[in-house]
Amino acid sequence: TLTAALWATFLIRINAMDTAKTRKLLRSQRRELSAKKQLIMADQIAANLCSQSFFLRAKRVGIYLANEGEVNPSIIYDICQKSGKQLFLPVIHPFKQNRLHFAQVKPNSTVTNNRFGILEPCIKGATLSPPWSIDLILMPLVGFDRQGNRLGMGGGFYDRTFAFTAKKPSPAPQLIGLAYSFQELKAIKPQPWDIAVSGIVTEKEYLSI
């Protein structure tokens, strides 16, 4: 018979296999969206986000560069710039394993491919800010449920970076996920290290957790 420890390990492996299959399916569906459909839905998502009071109040906003069919936040980027908000892009921390820092976007900012082939700011010459100093963090999602649990790309970068928010709840930073409505799952079983979001924006609604 399996010991309790072995059984727990077995269940974790089964859950990991199911999660990997779900992640693969959702990423495939996301990539299959036409460029026109992506643009229309991104515009709707921007409208649903930018009318929220927490967005209007935020002065320092962490954003991202869309990759592999992720919700493109370029419209939100433009709105932030026009309203005088400071913008920050995630960059893989050069010293801390699987963690992020945020580089302030400036007129002379340049980007390069990181080790995953994803564009990020060049660290050289960049002004880096710690995660806790950002008012609002916009995060791309692979999947989500209505309890704020999220399915990411699997690297755990956001979970490790914002682990401190679970120990010391604070109004800053506020973590908001951007996703298409078809990425909603009935339920995601969170792991102890998973960090949930406080809200999710799709083309249909803003979901406050």
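How far apart are the end C-alpha atoms of helix α2 (residues 35–50), and what span should its 16 residues have? The first point takes this up, after a word on the model.

This is a predicted model, in which local features need pLDDT of at least 70 and side-chain atom pairs count only at pLDDT 80 or more, while totals for chains, interfaces and linings use all residues. Residues are numbered from 1 along each chain as its sequence is written, and side-chain values use heavy atoms, with hydrogens and water left out.

1. **Helix α2.** The end C-alpha atoms of α2 are 22 Å apart, which agrees with the 22 Å that its 16 residues should span at 1.5 Å a residue. The expected span is 1.5 Å times one less than the number of residues. Met-41, Ala-42, Ile-45, Ala-46, Leu-49 and Cys-50 of α2 are buried, meaning under 20% relative accessible area, with exposed being over 50% and partly exposed in between (1.4 Å probe, protein chains only). Seen down the helix axis, the buried residues fall within an arc of 155 degrees, so they line one face of α2; the arc is that of the directions from the axis to the C-beta atoms. They pack against α3, α4 (74–82), β7 (136–140), β10 (174–178) and β11 (199–201).

2. **The chain as a whole.** You will find 6 helices and 12 strands here. Helices (H or I, at least four residues) and strands (E, at least two) are DSSP runs, numbered from the N terminus. Buried residues make up 41% of the 209 residues. Of the contacts (heavy atoms within 4.5 Å) with a separation of 6 or more, 69% are between residues 24 or more positions apart. The chain exposes about 11,900 Å², and carbon and sulfur atoms supply 57% of that area, computed by the Shrake-Rupley method with a 1.4 Å probe; for residues, only the protein chains shown count as cover.

3. **Aromatic pairs.** The whole structure holds 5 aromatic pairs. Rings of Phe, Tyr and Trp (its six-membered ring) pair if their centres lie within 6.5 Å; planes under 30 degrees apart count as stacked, over 60 as edge-to-face and the rest as tilted. Phe-54 and Tyr-206 form a tilted pair, because their ring centres are 5.4 Å apart and their planes at 45 degrees. This pair links distant parts of the chain, since Phe-54 is in helix α3 (residues 53–57) and Tyr-206 is in strand β12 (residues 206–208), 152 residues apart. Both Phe-54 and Tyr-206 are buried. Tyr-158 and Phe-162 are stacked, because their centres are 6.3 Å apart and their planes at 10 degrees; these two residues are buried as well. Ring pairs link Phe-102, Tyr-158, Phe-162 and Phe-164 into a cluster.

4. **A charge over a ring.** Lys-85 lies over the face of Phe-55, at 4.9 Å from the ring centre. The test asks for NZ of Lys or CZ of Arg within 6 Å of the ring centre and within 35 degrees of the ring normal.

5. Arg-31 belongs to helix α1 (residues 4–31) and is partly exposed, with a relative accessible area of 44%. Its C-alpha atom is separated by 4.7 Å from that of Gly-69, 38 residues apart along the chain. Glu-68 is in the loop between β1 (60–62) and α4. Glu-68 has a phi near 55 degrees, a positive value in a residue other than glycine.
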